[in-house]
Amino acid sequence: MNFALTDTQKAFQKTAADFAAKELAPTVVARYDRAAKYDRKPFEKFAALGMCGIPWSKDLGGAGGDYVSYALAIEELSKVDPGFGICMSVHVSLCSWPIYKYGTPELHKKYLVPLAQGKTMGAFGLTEPNAGSDAAMQQTVAEDKGDHYLVNGTKIFNTNGGEADTYVVFVMTDKSKGLKGISALVMEKTMPGFSIGKTEQTMGLRSARVRELVFQNVKVPKENLLGKEGEGFKIAMTTLDGGRIGVASQALGIAAGALDLAINYTKQRVQFGKPISANQALQFMMADMATKVQAARLLTYHAAYTKDSSASYSKEAAMAKLFASDIAMEVASDAVQLFGGYGYCEDYPAERYLRDAKITQIYEGTNQVQRMVISGAILR
Ligand code: CAA
């Protein structure tokens, strides 16, 4: 068993880490967090480094890397700005991947190549007011009009919504068939009838954008169908399998970032005449934090490795997402504790990690959904 990263994987990791230090530095993050400001420039700069399509081959506009490299990049970005981490994770895992996997060569050329090059940004429209964990309850309808579909409906909690150019959207093409009547379409923000609704004011990840999408008689060409009619639920589930590796990487980055903060702070903060890191009680606390981070890292890298090397990775992805998001909350909470009263104040960065960590237990399937996926796999 070889746990060493390859030179190529290390290069992607370093590029992302350098970018995060330079472009997403904590003062910028803090400013964007407070003001809930959105800025597209980091995406454009990351694109200029050729990092928006890490796992896709160069002929598809990608960087020719693998999913492990992609996971490493999301971890490094999320150590500094998990809002940018989820922007990239949705762009790659939830929008580019289903087009790569289920799209025709024409759809690759039209949508995947610009996504991989970072000329366009991607998003994923599955969640609706009555289709959250129960993703099969899709109400958005696509009526067959011969050479096109006419799409009507609303999607909510759409990460990158309104900022993204290309959307993978799930629709009912045949309501009578239940989840076998769901299909997946590629839609563009500029299609007439496609509009952007409410912007959510979120507890964390405030540098990211989460919005409602509204479709009123949007004409979508038939050639924008991914896979076949009725395959949408399977496409959504397999896409979320990969997305959960992205969220696990993001949660891992949050935990690792919070741990780094705590280590640095406790070495500098002097009380009772010595740095507080000299107290064994705090040393043991940080030992536990570091052990949790390392366990989450191994699960996450293993899930990414499994995706690179095997057709089946649902269970591994769900386990990584479940564990990494739970320990992100624990480690971020411990970091706040180690900062003492300052940890509770917004002038210090610890509290932001705690707010950012919470959503990782909720999106791309709550952690009870991850348990459904894992138990389904082990009891099948
Ligand atoms: N791969 C392939 N096929 C799969 C699959 C997978 N991972 N999971 C399920 N399927 C197939 C099953 O094999 C089954 O097919 P057959 O009928 O042919 O046997 C079919 O799909 C139905 O499976 P289930 O009966 O297990 O489906 P279910 O309705 O009980 O749902 C669920 C299972 C796991 C709870 C699923 O609904 C789910 O994952 N829900 C959570 C949705 C979610 O994650 N939403 C997040 C939105 S995106 C987001 O959060 C983005 C963001 O903002 C960052």
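**Exercise 1. How are H5 and H7 oriented relative to each other, and why?**

H5 and H7 are roughly antiparallel to each other. The steps below show the reasoning for this predicted model.

- Step 1. Locate the elements. H5 covers 82–102 and H7 covers 232–268.
- Step 2. Take the geometry. The axes of H5 and H7 come within 9 Å. They cross at roughly 155°.
- Step 3. Apply the cut-off. Angles over 145 degrees count as roughly antiparallel. H5 and H7 are therefore put in that class.
- Step 4. H5 and H7 make a right-handed crossing.

**Exercise 2. Describe the packing of H8 with H9, then of H9 with H10.**

Begin with the general rule. Two packed helices are described by the angle between their axes and the distance between the axes.

- Step 1. H8 spans residues 280–309, and H9 spans residues 314–338. Their axes come within 9 Å and cross at roughly 155°.
- Step 2. H8 and H9 are therefore roughly antiparallel. Their crossing is left-handed.
- Step 3. Sort the residues of the H8 contact with H9 by class. There are 18 nonpolar, four polar and four charged residues.
- Step 4. Move on to H10, residues 350–358. The axes of H9 and H10 lie 8 Å apart, at an angle of about 160°. That makes H9 roughly antiparallel to H10.
- Step 5. Check the hand again. H9 passes H10 in a left-handed crossing.

**Exercise 3. Which residues are closest to the ligand, and how many surround it?**

- Step 1. Count the shell. The ligand is surrounded by 25 residues. The closest are Ser-133, Lys-180, Asp-241, Glu-364 and Gly-365.
- Step 2. Look at the side-chain contact. Lys-180 places a polar side-chain atom 2.7 Å from an oxygen atom of the ligand.
- Step 3. Look at the backbone contacts. A polar backbone atom of Glu-364 is 2.9 Å from an oxygen atom of the ligand. For Gly-365, a backbone N or O atom lies 2.8 Å from an oxygen atom of the ligand.
- Step 4. Turn to the surface. Taken alone, the ligand exposes 1,100 Å². The protein buries 66% of that.

**Exercise 4. Which elements supply the shell around the ligand, and what classes of residue does the shell hold?**

- Step 1. List the suppliers. H5, strand S3 (148–159), H7 and helix H11 (367–379) each supply at least two residues.
- Step 2. Find the largest share. H7 gives seven residues to the shell.
- Step 3. Sort by class. The shell has 13 nonpolar, seven polar and five charged residues.
- Step 4. Link back to Exercise 1. H5 and H7 both supply the shell, and these helices are roughly antiparallel to each other.

How values were computed:
Residues are numbered from 1 along each chain as its sequence is written. This is a predicted model: local features need pLDDT of at least 70, side-chain atom pairs count only at pLDDT 80 or more; totals for chains, interfaces and linings use all residues. Side-chain values use heavy atoms; hydrogens and water are left out. A residue is near a molecule or strand if one of its heavy atoms lies within 4 Å of it. A polar contact is a pair of N or O atoms within 3.5 Å; within protein, one must be able to donate a hydrogen and the other to accept it, and residues adjacent in sequence count only if both atoms are side-chain atoms. Accessible areas come from the Shrake-Rupley method with a 1.4 Å probe; for residues, only the protein chains shown count as cover. Helices (H or I, at least four residues) and strands (E, at least two) are DSSP runs, numbered from the N terminus. Ala, Val, Leu, Ile, Met, Phe, Trp, Tyr, Cys and Pro count as nonpolar, Asp, Glu, Lys and Arg as charged, and the others, Gly among them, as polar. Axes are lines fitted to C-alpha atoms, for helices over the stretch in contact, and angles run from 0 to 180 degrees between N-to-C directions. Angles under 35 degrees count as roughly parallel, over 145 as roughly antiparallel, 65 to 115 as roughly perpendicular and the rest as oblique. A crossing is left-handed if the near helix is turned anticlockwise from the far one by less than a right angle, and right-handed if clockwise.
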